[in-house]
Amino acid sequence: MSHQSSLRDTVELPSTYRKHMTVDLKKDRKFAVAVQGIFVLVVLLAVVAVLLFDLLPATSWGPAVTIPVTLAACFAYMAVHEATHGVALQLLTKVKPSYAVRFPFLTTGNHAYLTRRSTVIVAVAPTVIWGIVLVIALLTLPPDYLLSAYILLTLNFAGSAGDFVEVCVVSRQQRDALVKDDGNQIHVFVPGRSRLAN
C-alpha cells in the first residue's frame, strides 16, 4: 500500500523494476484491428447522427471553400492534438517530450516512466480538452463553419482510437506498473522478475 501511494512519475526506472510487456499498436494485429475498428465506428456514428437528426444547417459555402478549409483545419488539429499530449507529459514529468512525423501521422513520445494514472491523463487530454472546445464551437459558430467543426469533432474522437486502446491496455496492468510510451511502442514495467522477455 505504501509503495503504491509513493509511486511517482520518474525519469529513471527503479532498480527493482523489469520489463513486463511491450505493445505496438500498429504492428500487433489485435491492437491494430481494435484501433481501426474504433475509428470506423466513431465515423459511422457521426454520419448516422447527421442523417438521423439533421444536425447541420445549410451553408453558403460551396465545396471549393469547404474542402480546403476543412482539410487545413484537420492538419492543424492533428498537430495540436500531439502538442496537447506533449504539454500534458511535460507538466507531469518536467521532461521535454519528443515529436516525430510518421506520415500520415504525428507521434509524441517521452523518456520518462509514468504511473498508470499519469499515462491515462496524457492519453485522454487532447480528446477531453478539444472535445469540449469543439462542442462549444458547434454551439456558437456561424452556420458556414459548422460542417468543418463537426468533422473536426469527429476526428477528435476517431483519431484518438489509439489513445483509447492505450488506456485499456494500461488500465489492465497492476497498480504499481510504470509505463513508457516512446511514440512507437508502449512499454510496461513492473516490480520483480519479468514475466515476458521482450
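This is a guided tour of the model, from the whole chain down to single residues.

**The whole chain**

The model is predicted, so local features need pLDDT of at least 70 and side-chain atom pairs count only at pLDDT 80 or more, whereas totals for chains, interfaces and linings use all residues. Residues are numbered from 1 along each chain as its sequence is written, and side-chain values use heavy atoms, with hydrogens and water left out.

Followed from the N terminus, the order is α-β-α-α-β-β-β-α-α-α-β-β. Along the principal axes, the C-alpha atoms fill a box of roughly 65 × 35 × 30 Å.

Next, colour by accessibility. Of the 198 residues, 39% count as buried; buried means under 20% relative accessible area, exposed over 50%, and partly exposed in between, with a 1.4 Å probe and protein chains only. The accessible surface comes to about 11600 Å², and 67% of this belongs to carbon and sulfur atoms; the areas come from the Shrake-Rupley method with a 1.4 Å probe, and for residues only the protein chains shown count as cover.

Among contacts with a separation of 6 or more, 73% are between residues 24 or more positions apart, a contact being heavy atoms within 4.5 Å.

Now display the charged side chains. There are 17 positive and 12 negative ones, and the centres of the two sets lie 10 Å apart. Lys and Arg count as positive and Asp and Glu as negative, while His and the chain ends are not counted; each charge is placed at NZ of Lys, CZ of Arg, CG of Asp or CD of Glu.

**Helix α3**

Select residues 63-93, which form α3. The 31 residues of α3 should span 45 Å at 1.5 Å a residue, and the end C-alpha atoms are 44 Å apart, in agreement; the expected span is 1.5 Å times one less than the number of residues. Buried positions in α3 include Thr66, Cys74, Tyr77, His85 and Leu89.

- Leu71, in α3, is partly exposed at 47% relative accessibility. Its C-alpha is separated by 9.7 Å from that of Ile151, 80 residues apart along the chain.
- His81, also placed in α3, counts as buried at 5% relative accessibility. Leaving out residues up to four places away in sequence, His81 touches Pro126, Ser160 and Asp163. Trp130 is 49 residues from His81 in sequence and 8.0 Å away, C-alpha to C-alpha.
- Gln90, in α3, is partly exposed, with a relative accessible area of 38%. Beyond neighbours within four places in sequence, Gln90 contacts Val95, Lys96 and Pro97.

Step past the end of the helix to Lys94, in the loop between α3 and β2 (98-102). Lys94 is not a glycine, yet it has a positive phi of about 65°. Most residues other than glycine have a negative phi. Lys94 is exposed, with a relative accessible area of 67%.

**Helix α4**

Move to residues 116-140. The 25 residues of α4 should span 36 Å at 1.5 Å a residue, and its end C-alpha atoms are 36 Å apart, which agrees. Where does α4 bend? The bend, of about 45°, is at Val124, and the proline Pro126 follows within four residues; the angle is taken between axes fitted to the seven residues ending there and the seven starting there.

Show the side chains of the buried residues of α4, among them Val122, Ala125, Pro126, Leu134 and Ala137. Their cover includes α3, β4 (114-115), α5 (143-158), α6 (161-171) and β5 (178-181).

**Helix α5**

Select α5 next. Its 16 residues reach 23 Å from the first C-alpha to the last, close to the 22 Å expected at 1.5 Å a residue. Buried residues here include Leu146, Tyr150, Leu152, Leu153 and Asn156. Which helices do the buried residues of α5 pack against? They pack against α2 (29-53), α3, α4 and α6.

**Last stop: Phe53**

Finish in helix α2 with Phe53. Phe53 counts as exposed at 60% relative accessibility. Leu7 is 46 residues apart from Phe53 in sequence and 47 Å apart in space, C-alpha to C-alpha.

Key. Helix = DSSP H or I, 4+ residues; strand = E, 2+ residues; numbered from the N terminus.
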